[in-house]
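Let's take a friendly walk through a protein chain together.

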Amino acid sequence: MGRTVPAHVNSADEPIPFFLTPRSEALAAPAIPAPRSEAAGRMVQARIGGALVTIPCPTWCVVDHVEDDAAFIQDVSHHSLPISLPAPTFGGGQEQTEEILTADVSQWPFSSGPTATPFVSLDASGDSLCAELAPEALEAFADQLEAHADKLRQLARLAAVARTAGGAR
């Protein structure tokens with residue numbers, strides 16, 4: 001893809017040297033499959049306490065339940081492929097990125113409580129502390145992200161005007 005993301009403005013026609021990494025280019029492509037109607041998914045082998053058992057597994061789950069080797073049935077969890085946003089960070093003069101807004105669909109089907117049904121696990125800052133969001137809550141958060149993106153664009157335009165005007169020195 002090779003898209004560039006403006007980081008500074010020297011002239012109106014000069015491209016910015018920040019390129020998406022191959023991983024982020026793949027994430028930028030539509031990679032999330034459309035929801036399927038089959039609720040139960042498929043039957044798969046799982047290792048629980050060292051014993052092989054057969055469990056239902058949704059089609060969106062990418063976990064190898066045999067390799068996962070859960071201690072108890074309540075420890076069995078389903079997870080979709082995660083998505084994340086590579087954000088530019090300070091790297092001592094080198095371009096670096098940090099993965100933020102990492103999210104996946106998760107479920108602990110044999111537990112009690114809200115995690116027994118699918119939800120979105122959201123690690124906003126990369127610290128592994130995840131919010132457990134219902135689909136409606138994630139939709140509301142996505143709306144807030146769009147509003148924030150608009151404000152980021154406003155800041156970019158303000159910085160561009162300030163650079164053109166010479167800025168305060």
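How many aromatic pairs does a search of the whole structure find? The search finds one. Keep in mind that this is a predicted model.

A pair of aromatic rings is described by two things: the distance of the centres and the angle of the planes. Here the partners are Trp108 and Phe119, with ring centres 6.3 Å apart and planes at 15 degrees. Planes under 30 degrees apart count as stacked, so this pair is stacked.

Where do the two partners sit? Trp108 lies in the loop between strand E5 (96–107) and strand E6 (119–123), while Phe119 belongs to strand E6. Eleven residues separate them, and the pair links distant parts of the chain.

Now for how much of each residue can be reached from outside. Buried means under 20% relative accessible area, and exposed means over 50%, with partly exposed in between.

| Residue | Relative accessibility | Class |
|---|---|---|
| Trp108 | 28% | partly exposed |
| Phe119 | 7% | buried |
| Asp64 | 43% | partly exposed |

Together with Glu67, Asp68, Asp69 and Asp75, Asp64 forms a negative surface patch. You will find Asp64 in the loop between strand E2 (51–57) and helix H2 (65–68).

Finally, step back to the whole chain. Three helices and seven strands make up its list of elements, and from the N terminus on they run α-β-β-α-β-β-β-β-β-α. Of the 169 residues in the chain, 21% are buried.

How values were computed: Residues are numbered from 1 along each chain as its sequence is written. This is a predicted model: local features need pLDDT of at least 70, side-chain atom pairs count only at pLDDT 80 or more; totals for chains, interfaces and linings use all residues. Side-chain values use heavy atoms; hydrogens and water are left out. Patches are made of residues with over 30% relative accessible area and no salt bridge: like charges are joined within 9 Å, nonpolar side chains (Val, Leu, Ile, Met, Phe, Trp, Tyr) within 5 Å. Accessible areas come from the Shrake-Rupley method with a 1.4 Å probe; for residues, only the protein chains shown count as cover. A salt bridge is a side-chain nitrogen of Lys or Arg within 4 Å of a carboxyl oxygen of Asp or Glu. Lys and Arg count as positive and Asp and Glu as negative; His and the chain ends are not counted. The place of a charge is taken as NZ of Lys, CZ of Arg, CG of Asp or CD of Glu. Helices (H or I, at least four residues) and strands (E, at least two) are DSSP runs, numbered from the N terminus. Buried means under 20% relative accessible area, exposed over 50%, partly exposed in between (1.4 Å probe, protein chains only). Rings of Phe, Tyr and Trp (its six-membered ring) pair if their centres lie within 6.5 Å; planes under 30 degrees apart count as stacked, over 60 as edge-to-face and the rest as tilted.
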